[in-house]
Amino acid sequence: TPGIRPLIAGNWKMNGTSDSLGELQAIAAGFADASGNEADGLICVPATLLDRAAKAMAGSPVASGGQDCHAKESGAHTGDISAAMLKDCGASHVIVGHSERRADHGESDAVVAAKAKAAWQAGLVAVICIGETREERVSGKTLSVLSTQIAGSVPAEATAANTVVAYEPVWAIGTGLIPTLPDVEEAHAHIRAELKRLIGAEADGVRILYGGSMKPDNAGELLSINNVDGGLIGGASLKAKDFLAIANAVK
Ligand code: PEP
């Protein structure tokens, strides 16, 4: 999208220990060259790695992020992690509403919206995920599902600076399947239009990422679609070689 600098973001999910720090260092060291300085990078690591990830990538064009946060700032929530804690460990971003959180932890749109607000409160950018299931796609409900999810999970205070939206068809995540390119274009145009209804002209600057089986061999075609302002990459973000090959496709 004209005027929007792409964001190439990785989601490590529940993967990574100290053995993986070398991959992060390689991603940080190679990103500027790979992307031709034409994109920003981000890797969202497990909270246990965040502090070390942020240190390993300090001074590079690749930021560090968390994968979830609690909606509250602190308190009696055993095992949960607040946005302020992520920030304290060096995060600049946090994913909220990933479909695996929505499915595994029953997170509703309202919970996701509360988490996005908590992220902003702590000074983090919220990467808000939306996307239809296979059944919703097959029954022709994709665009209406996206409208409902945007209305429910993107707070009206969203700005181009504090929010990234990731369109991730649930059936494309980790499956090797992707929608047709016209289907991706239609979904992203619809998301932009719905964001405009919600936040007006500010929506013109919001990055809308595509996520779901983005790989080195399909990144070029996906990243050149109108209103696709980068990618959210799961499996192919774990190896520096693959992630940098995707960053290279931005050019
Ligand atoms: C994701 O986890 O957000 C994702 C898109 O995963 P994958 O790239 O492995 O499909």
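Trainee: Which residue in strand 5 stands opposite histidine 93?

Mentor: This is a predicted model, in which local features need pLDDT of at least 70 and side-chain atom pairs count only at pLDDT 80 or more, while totals for chains, interfaces and linings use all residues. Residues are numbered from 1 along each chain as its sequence is written. Strand 4 and strand 5 (residues 125–130) pair in the parallel sense over four bridges, where pairing requires that DSSP finds at least two bridges, and where strands (E, at least two residues) and helices (H or I, at least four) are DSSP runs numbered from the N terminus. In strand 5, the residue opposite histidine 93 is valine 125.

Trainee: What is the bridge partner of glycine 66 in strand 4?

Mentor: Strand 3 runs parallel to strand 4, and two bridges join them. In strand 4 (residues 93–96), His93 and Ile95 point one way while Val94 and Val96 point the other way, and all are buried (20 or more other C-beta atoms within 10 Å of the residue's own, C-beta atoms being placed from the backbone). The partner of glycine 66 in this strand is valine 94.

Trainee: Where do the buried residues of helix 2 lie, seen down its axis?

Mentor: In helix 2 (residues 47–56), the buried residues are Leu49, Leu50, Ala53, Ala54 and Ala56. Seen down the axis, these residues fall within an arc of 150°, so they line one face of the helix. They pack against helix 1 (21–35), strand 2 (40–44), strand 3 (62–66) and helix 3 (83–88), contact meaning C-beta atoms within 7 Å.

Trainee: At what angle do helix 1 and helix 2 pack?

Mentor: The contact between them involves Leu21, Leu24, Gln25 and Ala28 of helix 1, which meet Arg52, Ala53 and Ala56 of helix 2. Axes are lines fitted to C-alpha atoms over the stretch in contact, with angles running from 0 to 180 degrees between N-to-C directions. The two axes lie 9 Å apart, and the packing angle is about 35°.

Trainee: Within what distance do the axes of helix 7 and helix 8 come?

Mentor: Helix 7 contributes Thr142, Leu143, Leu146, Ser147 and Ile150, and these meet Ala187, His190, Ile191, Glu194, Leu195 and Leu198 in helix 8. The axes of helix 7 (residues 142–153) and helix 8 cross at roughly 35° and come within 10 Å.

Definitions and conventions. Buried ≥ 20, exposed ≤ 12 C-beta atoms within 10 Å, placed from the backbone. Arc of directions from axis to C-beta. Contact = placed C-beta atoms within 7 Å.
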